[in-house]
Amino acid sequence: MIHPSGCGVLGILRKRHAEQIQGGSVVRAIEKVRYRGSDRGAGFAVFNLHKKNVYTIRAFSEEDANEIKSLLESQGLKIKDSKLNYINEEICDCNFEVVIDDVTKARKAFRNINEIIWGSKEGRRGRIYSIGSSLSVFKGVGYPKDISKMYDVEKLEGDLWLAHTRQPTNSPGHFPYWSHPFSTFNVAIVHNGDISSFGANLEFLKERGWEGFVGTDSEVIAFLFEELLSEGFSIEEVVKIMVNPSRRLNVIDPSLDYTYRNARLDGPFTAVIGYDSGDDLYLIAIADRAKFRPAIVGEDENYYYVASEENEIREISPNARVWTLEPGSYFMASLNRGIISYGRDEERVHSFSPPPVFIPEHYDIDARNLNYKELNYVIAEVAKKGKKEITVANVTGHRYIGINFKRLGVHNARINLYGIVGNVFANLNEDNEFYVYGNVSDDCGDTMHGGKVVIYGDARDVLAQTFQNGRIFVKGNAGNRVGIQMREYKDRRPYLVIGGFVDDYLGEYMAGGVIVVLGTNVKGEPVGNYVGSGMVGGRIYIRGRVSPSRIGIQPTRQEVLNFLKALLVEGYIGEEEFSSLKDKYYIEVMDSLKDKAKEYAKRLFEEKIGIPEYEYRELNEEEFKELFGVIKEFSQDMGRDYT
């Protein structure tokens, strides 16, 4: 089961002509992420390019705050000004302005001091958590509003902002050391997820002299970024190494990949990075190759945005153009250069749905001032009065809509939702119909037993997981891992129809039901990689040609070539057959092999990765009869003919 994000991340970079970003808008946006729990951490990072050679160093100290001042001076740093503010009885937040003539010396001082005060025999005594010429980090234990009030963040302005709120995951939540952002020299990151490569990444850094880690996986992202830059890589090369794309895609040179294999990140993660190169500011977002954590990118006339939830962007810019990162990709924009990488093909960016309408002409409920817990109960109250069609305005990321309707007595109702619907929408739905005039976040229609969901915008990741009966129609595009583990039983068959394109892992572990991808107004293939991987039942229909390389999880071209060479050496195929097969994909090779070569291939591959099957043809009579009614219903809902 894919659960809603445990962290809220946000990054905003201004365009050159735009005014600086107000701290208050950043705080309001990150507050739009709705969570439960206590001992949460929150924080902000702000970059201003105008500070020149005056560096800000921020540190927490649990003992004598003057110890850090003395250590800075002992490392040859000239302190211009200092402020010692106690945020509670235990910890002082120390703020130093330092003039730095030798940046290399300052980097070394930063590492040395943290090693002394964090890893000493006496135990943890403090931590430098922010250093930079343009960068200041503000973080602590509490909700974003708490941290904002503590530091007067809402009064600040900046060229680039990062913000974060989280529930404690793999680190203590009751001290500010483990709150985001994590920072190093003119670098700050906020991170959602878990880095399973943490041990290897740590060893990579230790081999290069890094010590004094706080012990959380998030921190290594900032340190890896700085270390790889210091080794002479460009910013894009650093990002390509860290994002760890599939070796099937041949993004990284093999020799470079091997040398820096321990600098690659693995696990479910989304990270947003802010970086000051000295003459430019960069906003970067990276997502893991399976994209287990969400990442929404946006742009308007003044700013670039990255967020874990679309409603964070809409809070600041209701009319921004938004799109999602492809799995294993990165978004990069700079103050001076604009967008460097969209995180997917630029033509696909323009095919995402336009901004939603939040307020229809007539509505029954305004959700703007309702939290996610309240909204379902308010809908139920209207339904109890006998109304069968209920319209809700200003849906701004509300989660769990419809999940408890059975218990609340809401049956056979039509619910119209205007805006951005949050995670875990229409899960376990049985007999209600939902019409969404906007976009839908992750995990929509999970374990739906009946009823209907119609989405007039885009759907994000993990749409229709374990979908069992009913209809889910999407006019626009859908995200990653759509239709996974769908199933059917007797006459209970689910139908999922998507008008645009779909990202990776469509129909993974599918056991039943029907998926139709129409690919309307999509240039190129309408699906990503690994279609039907692990699929044991059901059917997927895709309009248009799809490369065989996208079906299932297959060996790389090099692995297939090596296998063919082995068959040639063993005499299972001849030179002519080898020449005809050496440039083909795995699935085409497996279709072409005969006799002993086929038997040998099956023994080697069938149980390990399977042999996917697909056909390129017109629908037969039985399929046409079954699907015509479904597509006709889809057409009626969408207001255009898709038949």
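**View A. Tryptophan 118, a buried residue in this predicted model.** Start with tryptophan 118: its relative accessibility comes out at 11%, so it counts as buried, the cut-off being under 20%. Tyrosine 177 sits at 2% relative accessibility and therefore counts as buried as well.

**View B. The ring pair of tryptophan 118 and tyrosine 177.** A search through the whole structure turns up 31 aromatic pairs. One of them joins tryptophan 118 and tyrosine 177, with 5.0 Å from centre to centre and 70° between the planes, an edge-to-face arrangement. Tryptophan 118 belongs to helix H3 (residues 103-118), while tyrosine 177 is in the loop between strand E10 (160-166) and strand E11 (182-184), so this pair ties together parts that are 59 residues apart in sequence. Zoom out a bit and both residues turn up in a cluster linked by ring pairs, made of Phe60, Trp118, Tyr129, Phe175, Tyr177 and Trp178.

**View C. Tryptophan 323 with phenylalanine 331.** Here the ring centres are 6.4 Å apart and the planes make an angle of 65°; edge-to-face means over 60 degrees, so that label applies to this pair. Both tryptophan 323 and phenylalanine 331 are buried.

**View D. Helix H5 packing on helix H6.** H5 (residues 198-207) and H6 (residues 217-230) have axes 10 Å apart, at an angle of about 40°. The two helices are therefore oblique to each other, and their crossing is left-handed. On the H5 side, the residues in contact are Phe198, Asn201, Leu202, Phe204 and Leu205. They meet Asp217, Val220, Phe223, Leu224, Glu227 and Leu228 of H6. Sorted by class, the contact has eight nonpolar residues, two charged ones and one polar one.

**View E. The surroundings of tyrosine 642.** Tyrosine 642 is found in the segment after helix H17 (621-638). With a relative accessibility of 7%, tyrosine 642 counts as buried. What does tyrosine 642 touch, leaving aside its neighbours within four places in sequence? The contacts are Lys475, Leu518, Thr520, Arg543, Ile631, Phe634 and Ser635.

How values were computed: Residues numbered from 1 in each chain as written. Predicted model: local features only at pLDDT ≥ 70, side-chain atom pairs only at ≥ 80, totals over all residues. Heavy atoms only, no water. Axes fitted to C-alpha atoms, helices over the stretch in contact; angles between N-to-C directions. Helix = DSSP H or I, 4+ residues; strand = E, 2+ residues; numbered from the N terminus. Parallel < 35°, antiparallel > 145°, perpendicular 65-115°, else oblique. Left-handed = near helix turned anticlockwise from the far one by under 90°. Contact = heavy atoms within 4.5 Å. Nonpolar A, V, L, I, M, F, W, Y, C, P; charged D, E, K, R; others polar. Phe/Tyr/Trp six-rings, centres within 6.5 Å; stacked < 30°, edge-to-face > 60°. Buried < 20%, exposed > 50% of the residue type's maximum accessible area, 1.4 Å probe, protein only.
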